[in-house]
Amino acid sequence: MKVRACRETLVSFCCPKYAAIFVFLAVLVFFFGLFNMDFLEFQHKGIPTFPVPRRHLTHRLCSFEPLSPEDALEERLLLDSIAWPETPSLPAPLSLEQTTDPAHSRFTVLPERDGKQWHIGDQLEVMIKMYDFRGRPKKSGGDVLLARLHNRALGAGVAGKVLDHLNGSYSAVFSLLWEGSAQVEVTLVHPSEAVTVLKRLNREQPDRISFQSVFRSGSVSETTTCNICLRPTEQPQCNFTDLTTGEPWFCYKPKNLSCDTRITNYNGGYKGKLEANEEKLFKSGINMKVSIGASGSSSVTVLPKNKEVKSNIVQSGPVGYYYKDEWQSISGPTVRQFNTPSVINQCLKGKMVHLYGDSTVRQWFEYLNKALPDLKQFNLHSSVRVGPFMALNYADNILVTYRFHGPPVRSFSVPAIELHYIANELEHLVGGANTVVVFGIWAHFSTFPTELYIRRLQNIRRAVVRLLDRAPDTLVIIRTGNPKTVTPFVALFNSDWYSLQRDKVLRAMFKGLNVHLVDAWEMVLAHHLPHDIHPPPPIIKNMINVILSYICPQKSS
């Protein structure tokens, strides 16, 4: 009864009995950080944040527990590192005339130095000039652009790197990696004016996706609204903040039931609200995910590698590229082709593969389950969208599991008891040479402040570090986010701009650790198939080949 009473208080208070203990522990963590003079560097082995009774307000609707000095500094540096160029304020009434127009904008392929020919290993640079709907040059940056180089006949493609010069012009840089024709493609995802709106939505409407929970006891049932960011009312709230990780989650308390009667969680709908005429900034085929034309030729001819010239492919270049529709790695291990069930079984023999994350990771479980006839899935009577799932090949001693990440979860009804945080799951793994951990967490966090995503990854990273400390041979693989089809509706909740910002955070936070990335962003961007939040089978197969190549790297001759 005491625990129940503590949960049913307003979330800005806590039971006095425990308050002094929590405050004392928080003070210890604070002073420990002050005396650690190495805190200017990101600490992968930081002390976990203790739950505290008073939430620290950081946004109008979202409030979080205070971080340790090390984590707080990292958060600030990460936010600074992904700071988007300043975008223009929007005039009232809004008109498209002064906004970025892809139809007027152009890109130009810059010639090779001294008029020389292009060779494999060279870098191709493209200058992009943005104009508004009146045909006038833009004077500021902040547009969201994607670029790729491709040859459909060869099944070849590579992602380009876009640089914003903050004056209405941009550069796209490509590594030349195959012989023959290479065609440039530049896409405007959003004009800078749309980014202004996307920023404001996350600042003012982080609760624009509604979550609901059903509370039930006997024949009595009530449904209330839940979220990380709940609008303050006179109604008491149930505090479901995870006691181990401090991950926040709250529901309005049912009128006649206690907080511990919650049984399900589900997506209650989308309710993003734009200001007058702002919908004009999110028009498919007009100013959203629209190709930009070339001024002059959009392609170059690439000759074999010039042996006398050192390759210009730099460290910050692409991680890989497609050739004959197969992913070729540049910075990772050679990607092997696992084309038969027997070859995959041989690689996974004796392995336990644990998959955690959203539905883009679930695709990998589904692929293996379908591709391997001897891998038998247990019927756990769980949701086909959320799981959990488990499959076993008894003869080859292969176990594959999948579990969705903890809330927020934009899905149909999920039993509340199945909402597990990845960090907590990792703490329960023994690990070792026969354990493979794969996770991906990104798509369900786009509507929330970036701080929430950073804190989720800090918790997961601490768990990964502890796992690798106790079992260094454990293989940890992380899936990045990827571009997707963007409709006017989807843009308000899952824009590629949101995904790009979180992708930068993910890469920075796990850099330097003994983990491996499946770069879904580049693998989707470089491919000729349309962008999809759930990449189609040919891309999934290439991703599985990358994963299996990490598990079973090619033996050196």
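Tutor: Start with a definition. A cavity is a set of grid points where a 1.4 Å probe fits but cannot get out, and its lining residues have an atom within 4 Å of a point. Keep in mind that this model is predicted.

Student: Which residues line the second largest cavity?

Tutor: They are Leu 348, Val 353, Leu 355, Trp 364, Leu 368, Ile 544, Ile 547, Leu 548 and Ile 551. The volume of this cavity is about 60 Å³.

Student: What makes the residues of this lining nonpolar, polar or charged?

Tutor: Check the names against the classes. Leu, Val, Trp and Ile count as nonpolar. The lining has Leu, Val, Trp and Ile residues, so by that rule the count is nine nonpolar, no polar and no charged.

Student: Which element gives the most to that lining?

Tutor: Helix α12 does, with four residues. At least two residues each come from β20 (352-357), α6 (359-371) and α12 (537-551).

Student: What lines the largest cavity?

Tutor: Its lining has 14 residues. Leu 67, Thr 245, Gly 246, Arg 455 and Asn 459 lie nearest the centre. Helix α8 (residues 450-470) supplies the largest share, five residues.

Student: Why is α4 called roughly perpendicular to α10?

Tutor: First take the value. Helix α4 (residues 192-204) packs against helix α10 (residues 496-510) at an angle of about 70°, and their axes are 10 Å apart. Now take the cut-off. Angles of 65 to 115 degrees count as roughly perpendicular. The angle falls in that range, so α4 is roughly perpendicular to α10.

Student: Which residues of α4 and α10 meet?

Tutor: From α4 come Val 195, Leu 198, Lys 199, Leu 201 and Asn 202. From α10 come Trp 497, Tyr 498 and Arg 502. The contact has five nonpolar residues, one polar and two charged.

Student: How do you know that the bond from Ala 92 to Pro 93 is cis?

Tutor: Look at omega: it is near 0° for this peptide bond. Pro 93 sits in the loop between α3 (69-81) and β3 (100-109). There is also a cis bond from Gly 387 to Pro 388, with omega near 5°. Pro 388 lies in the loop between β21 (376-377) and β22 (389-393).

Student: What makes His 381 worth a look?

Tutor: The phi of His 381 is positive, about 55°, although this residue is not a glycine. His 381 is found in the loop between β21 and β22.

Student: How do you know what confidence the protein chain has in pLDDT?

Tutor: The pLDDT of the protein chain averages 89, and 88% of the residues score at least 70. Over residues 1-58, though, the pLDDT is below 50. This stretch still has 91 contacts in the model beyond near neighbours in sequence. Where pLDDT is low, the predicted coordinates should not be read in detail.

Note on methods:
Residues are numbered from 1 along each chain as its sequence is written. This is a predicted model: local features need pLDDT of at least 70, side-chain atom pairs count only at pLDDT 80 or more; totals for chains, interfaces and linings use all residues. Side-chain values use heavy atoms; hydrogens and water are left out. Axes are lines fitted to C-alpha atoms, for helices over the stretch in contact, and angles run from 0 to 180 degrees between N-to-C directions. Angles under 35 degrees count as roughly parallel, over 145 as roughly antiparallel, 65 to 115 as roughly perpendicular and the rest as oblique. Contact means heavy atoms within 4.5 Å. pLDDT is the predictor's confidence in each residue, from 0 to 100. On a 1 Å grid over the protein atoms alone, a cavity is a set of points where a 1.4 Å probe fits but cannot get out, and a pocket is an open set with protein on both sides within 12 Å along at least five of seven lines; lining residues have an atom within 4 Å of a point. Grid points are joined across faces, edges and corners, and a volume is the space filled by probe spheres set on the points.
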